Structure formats: C-alpha cells, structure tokens
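Open the model in your viewer and keep the selection tool at hand. This tour goes stop by stop.

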Amino acid sequence: MFKGGVRISSFKELSKEGEISEFPIPGKVAIALSQHTGLPAKPLVKKGDTVKEGQIIGEPAGFISSYVHSSISGRVTSIENRNLPNGRTSPCVVIERDDTITGGKESGPAKGWDSLSPAEITEAVRQAGIVGMGGAAFPTYVKLSIPSGKKAECVILNACECEPFLTADYRVLTENMEGVLEGLRIICKALSVNKAYVAIESNKKNLAGAIEKHISAMRPLLDAGLRILPERYPQGSEKHLIKSVTCREVPSMGLPIDVGCVVFNVQTALAIKKAVCCGEPLIDRVLTVTGLVKKPGNLRVRIGTPVPDILEACGATLSTGRKLVIGGPMMGVNIPSPDVPVIKSTTGILILPAVPASGKKGINPCIRCSRCIGACPMNLVPAEMGRYAEKKRWDDCRILNINDCIECGCCSYVCPAERPLVDLFKWAKAELRRNGS
Amino acid sequence: MNEIRCAPHVHTSESTSRIMFSVAAALLPAMIGSIYYFGPGVMQVVTVCVAFCLLSEVISKKLFGRTASLKDGSALVTGILLAFVLPPGIPLWIAALGSFLAIFLTKELFGGLGFNIFNPALTARTILLVSFPVQMTTSYLVPFSYRTDAITGATPLAALKEGLDTGIPAAWEMFMGGRAGCIGETSTILLLAGAAFLLLRRIITLHIPLSFILTVALLSLATGQDPVFQVMAGGLILGAFFMATDYVTSPLTGRGKIIFGAGCGIVTFLIRQKGGYPEGVAFSILFMNMFVPLIDRYTLPTKFGFSGKAKK
C-alpha cells in the first residue's frame, strides 16, 4: 500500500445499480480532433462531406496522436473550434445526422485473435483510435509499443474507479466481464506478458467471485490474479495502483514501464477487445450522470454527443447553487457552460452544489496543521509548496518536487483553510514548464 | 452566478474555525476548574484577555488590510490561552496589555495568522514576566482562599526552588488542581480531559505532548527528582498539550514534532534545575519555536518514487 490518500464518502450508491442504458443517437455531434494526449488529429473531411458511422475523419499527426472516427452517419456541417469538457478548446468536426446515409462500418462477426501477432494487435488498436478511457486519454497503441531497453512484466487492469460518484467502469465490468477480461488477455498477448492482475477497490467486492471464476478459467493461458484493495482515494492512480499491487515504486518523473508494469482501464480493455475481435472503432463510451439529477445512471453515449442533450434526458438543471463537473469530484473540471461535446475521456457528468460567486478575494492563510502532508500520496509537502506558489517562488516549488504532484486533490480536500492548493500547484507547474525546468 | 472552482469539488467538513472553537471548548473544563479553585476573579482575567485580543485583532486587520476574519476563532483561543498562563490575581490592566502584545506584536506584525514564529500567548507572558516581575510572581492565589481573604502563595516549583517547606502539595492535590499556579495550569485531570477531546477530534497528535512530557519525566528520574511532581507541578501539562502543539509554531512532520517535543523537554528541565526561574515550560517552547524552520527542513518525508527500492 501507499502512504497518504483520503477516505471519502463514495456516493456511488446513487448510480451503482443503474444498468447501462443506450443514449439515443443525437441529431448532431461535434467530434474533437484533439481529445487525446499528444498532437491533434489532422482532419480528413471537409464541410459538406458525407460520413458514415465509424468512418475515419481524422488521422494521427505524429507518434503520440490518434485516429478520430465519426460516431454517426451524416453530413459535415463545419469544422470549428469548440470548448471541450476538459476545459481546453479544440477544432471539432460537426456532423449532422442523416438517416438516409447507410452502410456504416458493419461490425463483423467476432474473429479469433489467437493468430494475430502483437504488432497486428497494436495496429488494430491504433486504427480504432483507442485512448486511455480512465481520464488521461493517452493513445493506447503507444502504451502497447514498449520502448527498446524496457520490458513489460505484468499488466494491471484498473477497475478501482476510486473517484467518488463514478460507477461507469463498475457497470461495464459487471455487465460485460467476459469482454473486459478478453480485452485483458489481448493486451497481454500484445505485450508478450503472461502475468496480469485485476485490481478492484473493496467497495466492488461483490464482483470478486465472478472475476475469480473468469480468471481461473483463463489461468492455463495467463497467470492472472485478483487484488481487492482498500477503498482509499487515489487507489486508482497509476503509480499508486502499481505500488498497492506489486509493491514497486515508479521512480520520480518515471513511467510505469520503468518498473515493468502497464496499466489499463476497464473500458479501454473492452474497447481493445471490440477493436481486435470485431473491428469496431472507438465511437462510444459509458459515462455516469449523477449528483443533483432526477435520474442518475450510467449511459452509453456516442463520442461528440452534446452534454446539454444528456443533461436534459437525465433531468438535470443548472442554476445558481448548482455546478457542472465533468469527471469525478476530486479531479474533474467545473466548466462554466454545458455546451461541450462528450470526448473519449469523459468519465462522468456531475451536478454538484456550488458556492454562489461572492466576489471575495484572497486565499485563507495556511495554519500549518500538516493535514495535507498526511494526505499527500506522493509524500510531498503541500503546505510549503502552496506558500511558495502563492509568492510565485517557482524555483522553491521545484526543489520540493512539485513536478511529482499528480494533482489528485487530497491536499485541497483535507485543508481546513480551504486553500486552493491543487490550483496553485497547476499554476506553478505551468510556470516551471514555461521557464523550461 | 456560481463561482468557477478548480478541483476538488468536495471538501472535508473540517475548517480553521471549527478547529479553533474545538480548542476553545477543550479549554473550558480547566477554566471552570480554575473558577472553582481561585474564585470569580478568574473570569475577569479571562474576559479581559479575550476582549482585548479580539480588539487588537480588529485594529490590526484595519491597519494591515488583512482578509482573514475574527470568525476564524484564533484570537479567541489566544485570549483564553494567555489568561491561562497568567496568575489569578494579576492586575487587569497587565492582562489587557498582554493581549495586545500577543496579538499585535507577536502575530500581526509577523504577517498574521499562520506567519508568527513564536507562540503568541507565551511570548506575551514572557514579556510581562520581565516587565512586571513583581506582579507576575506574587499574584498566585492559594486555592479556595478567595472565600475568606484572598491570600497569595508560592507555586510548588517556586517553593521547591527556594527550599520552602510549605507550598508543596500532595500528588493527588496537584492532579486535581488544588495548588497555587497560573489560571489554567493547575488541574492535570481537567487539562487531560480537554486534551483527550482534541486527540479524539484528531486536532492534535500525541507526538509533541508525549515526547515533551516523557523527556521531562525521564530526565527527572535520571537525576533523582520526583518525576510525578515535575510533570504536574508547573505548566507542563498545559504547555505540552495546548501550547507546544500550536500548529503555526510547531514542525510539520511527525518526526519533526518528536524532535521539537524532546527539545522542549530538555530545555524545560535545564531551566528548572539550573536556571534562575522556577519554571521553564514557556521559555522552552519559545526557544524551540526558533528551531522549527530548521527542523522542518531536515525532517521532510521520503517522497514517493525516491525510496531505496525505486531504481531509475
């Protein structure tokens, strides 16, 4: 186990039992060309083009980049800059649905993948435009391409979903466990690894029996094990998950592969299975809509679906005293306007109580209670880093290893003075990047 | 319109003001005990200290244009703690002056809440002690004497230092609080009750109080003193649980807190044995306050990704 972290009420019971429901195909989608880590995709369509469901509309612009596919059949009405749910802006291909256009990419019968080579699997994943669906949106095929000199020893399926409120991964694992675990086997084949772990938090203990059954069935082919980890945020953070499962510590500024581990999210594994077995590109995902909404639940939505459509269908209204958060409550983004499209990394849509704008300026002083130090899973000293950042002493922040901060939010969560520590650290890190250190 | 906030969007229910009011609540039992032992005059000292602390805070805020408000409760806690380290018979104008010294001089001049180097209540007490040595050392009341004709007496530590036969109470008396001393320091049991509340509320940890008290006890034992007497006769219990644990003026990490507490214990013992004053708790805490930045620098936690196991 890792040191630090916080225990938070999970609020998962709001949507935990809600079966995944198909959200209707929207009349209009806006598909971001930059919804992944790395370079934005280059558009392959222009205004007026007709596109089919599953058709490639953007191609990778470099090694760390991704294909982008149309999630509906219709006509391209424009390519324009839009705000994204992650707080950034990106050129988006706006497509209007046209039901007369048919012949979208048929998902063929499930093919066996035993005969495929690791390179062929990786290429299928690349073609399908799969990126990490846990929130980071790192192109998955890059993760499957191990750099020379490194060796993958084990694969961890991250089913922790440690953010409060979110239940999408839990539902996907519950309803399609076979598909997810087949995805895990495909990943292991692509990485030539025969050691795998499925990691869940203890609040999903009810799945343990079923997971055990599945993994014991695949044991002759793959040495897999189940790890039930304590419910402690940020259990699902890549570095901390690796520490909890394997006792290995990813070195500062290093990558999981430095300790021989590769971690995949539940929905990423399922997308890989669908891509490799059925040739299906990544055009939809499951997300949780919850919080102060009339009908909380888990929805399968097309990438590019306007968030206002989803809010309306779930009986969610925004008003003073209610805010929209995309993602989990610990790391999600509070966006000012709901007018954004769903992207591949959208894990949830939350309506949470908000503080009315008071116009109050200034940050409360740190009382040095040291709660943040106990809570920091990276064992940093947020109290001191926050004081330096407040005074724009970026170099002092760097000396305290601010660049190791994973922005998990534990320090801000426990701070009795409600200091916006993560906010300050993001600022300091951006300034340090700008100054090239 | 709502405020756009950066993550996280959930927050613990703990707040600065809840912590401060909890500390104030934890001091209540000892305060009531003190009224019982030393009479209603105690209430006057507490009221004057709190009132003048709040007043000094308001004036300072106006003067320096600070945003923090009275609602955070820190001035209230400073007021009570200052009263607790003054003799029950102290002239009220000295208590008022002390309040100003605690808030304005020690805290606000250094940048306000969170920025002071020294414990405000103890700094004020120390300045008063060197400025008004007579009033500060001869205003200790004999317990229950207020019921007849208030008479002053020596504290147990002073009695010991001067080799007096009288004035050294039994251990049980000291445990309950029936001995001469500062307003809030005499009752070990009532102070421990308040401390237990703070421990349960997870506002303080045992690192500082335990290392502080154990150091004094062990050093006493090693030099043939009575450790029980040394622990309960002066301001050690009050100092260890309520003064040395002050967040702002104590180290951040567990290891640092243990070093800090042990340092306080050593200095307290040395002053009591070798110094000119009978009591050294206040001096020791102020002395160790100066080492806090240094202790913090050398007791940083081992960061994730830097442990011996992690290889590049």
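Which residues in helix 10 of chain B meet helix 12 of chain B? Keep in mind that this model is predicted. Select B:Ile208, B:Pro209, B:Phe212, B:Ile213 and B:Val216 in helix 10 of chain B.

Now show both helices as cartoons. Helix 10 of chain B covers residues 207-222, and helix 12 of chain B covers residues 236-243. Their axes come within 8 Å and cross at roughly 155 degrees. Angles over 145 degrees count as roughly antiparallel. Helix 10 of chain B and helix 12 of chain B are therefore roughly antiparallel to each other. The crossing is right-handed.

Stay in chain B for one more stop. Select B:Ala7 and B:Pro8. The peptide bond between them is cis, with omega near -5 degrees. B:Pro8 sits in the segment before helix 1 (16-38) of chain B.

Next, select chain A. Its secondary structure comes to 13 helices and 17 strands. The radius of gyration of chain A is 22 Å, close to the 22 Å from the globule rule for 437 residues, so chain A is as compact as a globular protein of that length. Its C-alpha atoms fill a box of roughly 65 × 50 × 45 Å along the principal axes. Of the 437 residues, 55% count as buried.

Turn to the side of chain A that touches chain B. Here 51 residues of chain A are in contact with 37 residues of chain B. Color strand 15 (322-326), strand 16 (333-334), helix 12 (410-414) and helix 13 (421-434) of chain A; each supplies at least two residues of this side. The largest share, three residues, comes from helix 12 of chain A. By type, this side of chain A divides into 32 nonpolar, twelve polar and seven charged residues.

- Select A:Tyr233 and A:Pro234. A cis peptide bond joins them, with omega about 0 degrees. A:Pro234 lies in the loop between strand 11 (223-229) and helix 6 (238-246) of chain A.
- Select A:Ala137, in the loop between helix 1 (118-127) and helix 2 (140-144) of chain A. Its phi is positive, near 60 degrees, though the residue is not glycine. A:Ala137 counts as buried, with 21 C-beta neighbours inside 10 Å.
- Select A:Asn401, in the loop between helix 11 (394-399) and helix 12 of chain A. Phi of A:Asn401 is also positive, about 65 degrees. A:Asn401 has 20 C-beta neighbours inside 10 Å, so A:Asn401 counts as buried.

Methods:
Residues numbered from 1 in each chain as written. Chains lettered and ligands numbered in written order. Predicted model: local features only at pLDDT ≥ 70, side-chain atom pairs only at ≥ 80, totals over all residues. Helix = DSSP H or I, 4+ residues; strand = E, 2+ residues; numbered from the N terminus. Rg over C-alpha atoms; globule rule 2.2 N^0.38 Å. Buried ≥ 20, exposed ≤ 12 C-beta atoms within 10 Å, placed from the backbone. Contact = placed C-beta atoms within 7 Å. Nonpolar A, V, L, I, M, F, W, Y, C, P; charged D, E, K, R; others polar. Axes fitted to C-alpha atoms, helices over the stretch in contact; angles between N-to-C directions. Parallel < 35°, antiparallel > 145°, perpendicular 65-115°, else oblique. Left-handed = near helix turned anticlockwise from the far one by under 90°.
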